[in-house]
Amino acid sequence: MNLLSTMHSHSTYCDGKNTLSEMAKAAYDLGFVSFGFSSHSHLPYKAGYEMKMEKEKSYREEALQIIKEYDGKMEILLGLELDADSVKPDFKYDFLISSVHQLHTENEWYAVDDNKEQFERLIKAFGGIKNVVENFYSQTVTAALRENIDIVGHIDLVGKFNANNDYFNPNDEWYLKLVFGAIDAILEKRPDIVFEVNTGAISRGYRTTPYPDLPVLKYLAKKGARLMLNSDTHAADTIDYAYDIALDYLKKAGIKTLYRLRKFGFEEIAI
Ligand SMILES: [Zn+2]
Ligand SMILES: [Zn+2]
């Protein structure tokens, strides 16, 4: 079945190509049951993809207006995708996604997911890929355990440029120990948190399978973690991108149900 939902979408308020209303219309035309606006939050430094602090108020106002327009037609929820370093929002959003896109040394920030060149600068600055991975998962845990987080975004984003195992083998024991350890630490305190299966890197041509990698997905399933499918769409023509691929992939991992966020909360549905 088609999940007909995503809580992860970007617009011209951050690094997306289309306006909030173009995104909502595209989801509605696909027959979506629920759709979430999740602009990148503003950041205490310049990364390029973030929403400017002065825009957050109009983001909320415009989103709330669109939510009203679609009342009775499609459920739209208003959220934010927070980075590890985002300032705590002073508004009660319908949902919050916690994601790690940047790691930092004492005085510099490095993008994990921008391009290979940046990723290699990051590895150099941290003295090796193992240090990068360790730092990434430790940030992921701290960020996910902040107050009011509903969804853990693309948990193994650190593998974005590793589709051909150029930087590490994602089946190596040291790697799996770090990612499984992070999952355990999050679930211990937040067994209700929802981990996303994210097709965003497929739509942008970086990967042929969603996040997370299969061993990670299987581990999440074994631990009984709640999972949801999100497209992390940055344009109106990728709202449900690769959902068919993702569903096959999920079934291959033995997953039988997923969660979908509605206005009343998360609902479990069979796939
Ligand atoms: Zn993200
Ligand atoms: Zn995103």
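# Reading loops and a helix pair

Tutor: Start at A242, which is found in the loop between β9 and α8 (243-252). This is a predicted model.

Student: Is A242 buried or exposed?

Tutor: Count neighbours. A residue is buried if 20 or more other C-beta atoms lie within 10 Å of its own, and exposed if 12 or fewer. A242 has 22 C-beta neighbours inside 10 Å, so A242 counts as buried.

Student: What is the value of phi at A242?

Tutor: Phi of A242 is near 60 degrees. That is a positive value in a residue other than glycine.

Student: Which loop holds N148?

Tutor: N148 lies in the loop between α4 and β7. Phi of N148 is positive too, near 65 degrees, and N148 is a residue other than glycine.

Student: Is N148 buried or exposed?

Tutor: Apply the cut-off again: 12 or fewer means exposed. N148 has 12 C-beta neighbours inside 10 Å, so N148 counts as exposed.

Student: Where is E147?

Tutor: E147 is placed in the loop between α4 (129-144) and β7 (151-152). Why is E147 called exposed? Because 6 other C-beta atoms are within 10 Å of E147. Now look along the chain. E147 and L96 are 51 residues apart in sequence, and their C-alpha atoms are separated by 9.6 Å.

Student: How do I read a peptide bond that is cis?

Tutor: Check omega. The bond from Y211 to P212 is cis, with omega near -5 degrees. P212 sits in the loop between α6 (200-203) and α7.

Student: What comes after α7?

Tutor: G224 follows α7, and its phi is positive, near 75 degrees.

Student: Which residues of α7 are buried?

Tutor: V216, L217 and L220 are the buried residues of α7. Look down the helix axis next. The buried residues of α7 fall within an arc of 100 degrees, so they line one face of the helix.

Student: What covers the buried residues of α7?

Tutor: The cover includes α5, β8 (194-198) and β9 (226-230).

Student: How do I describe the packing of α5 and α7?

Tutor: Helix α5 (residues 173-189) and helix α7 (residues 214-222) pack at an angle of about 35 degrees. The axes of α5 and α7 are 11 Å apart. Their crossing is right-handed.

Student: Which residues make the contact?

Tutor: From α5, take L176, V179, F180 and I183. From α7, take P215, V216, Y219 and L220. Sorted by type, the residues of this contact are 8 nonpolar, no polar and no charged. Note V216 and L220: both belong to the contact with α5, and both are among the buried residues of α7.

Student: Now the whole chain. How many helices and strands are there?

Tutor: The protein chain has 8 helices and 11 strands. Its C-alpha trace spans about 50 × 45 × 35 Å along the principal axes.

Student: How do I judge overall shape from one number?

Tutor: Compare the radius of gyration with that of a compact globule. For 271 residues, such a globule would have a value near 18 Å; the protein chain has 17 Å, which agrees.

Student: What share of the residues is buried?

Tutor: Of the 271 residues, 46% count as buried.

Notes:
Residues are numbered from 1 along each chain as its sequence is written. Chains are lettered from A and ligands numbered from 1 in the order in which they are written. This is a predicted model: local features need pLDDT of at least 70, side-chain atom pairs count only at pLDDT 80 or more; totals for chains, interfaces and linings use all residues. Axes are lines fitted to C-alpha atoms, for helices over the stretch in contact, and angles run from 0 to 180 degrees between N-to-C directions. Helices (H or I, at least four residues) and strands (E, at least two) are DSSP runs, numbered from the N terminus. A crossing is left-handed if the near helix is turned anticlockwise from the far one by less than a right angle, and right-handed if clockwise. Two residues are in contact if their C-beta atoms, placed from the backbone, lie within 7 Å. Ala, Val, Leu, Ile, Met, Phe, Trp, Tyr, Cys and Pro count as nonpolar, Asp, Glu, Lys and Arg as charged, and the others, Gly among them, as polar. The radius of gyration is taken over C-alpha atoms; the globule rule is 2.2 Å times the number of residues to the power 0.38. The arc is that of the directions from the helix axis to the C-beta atoms.
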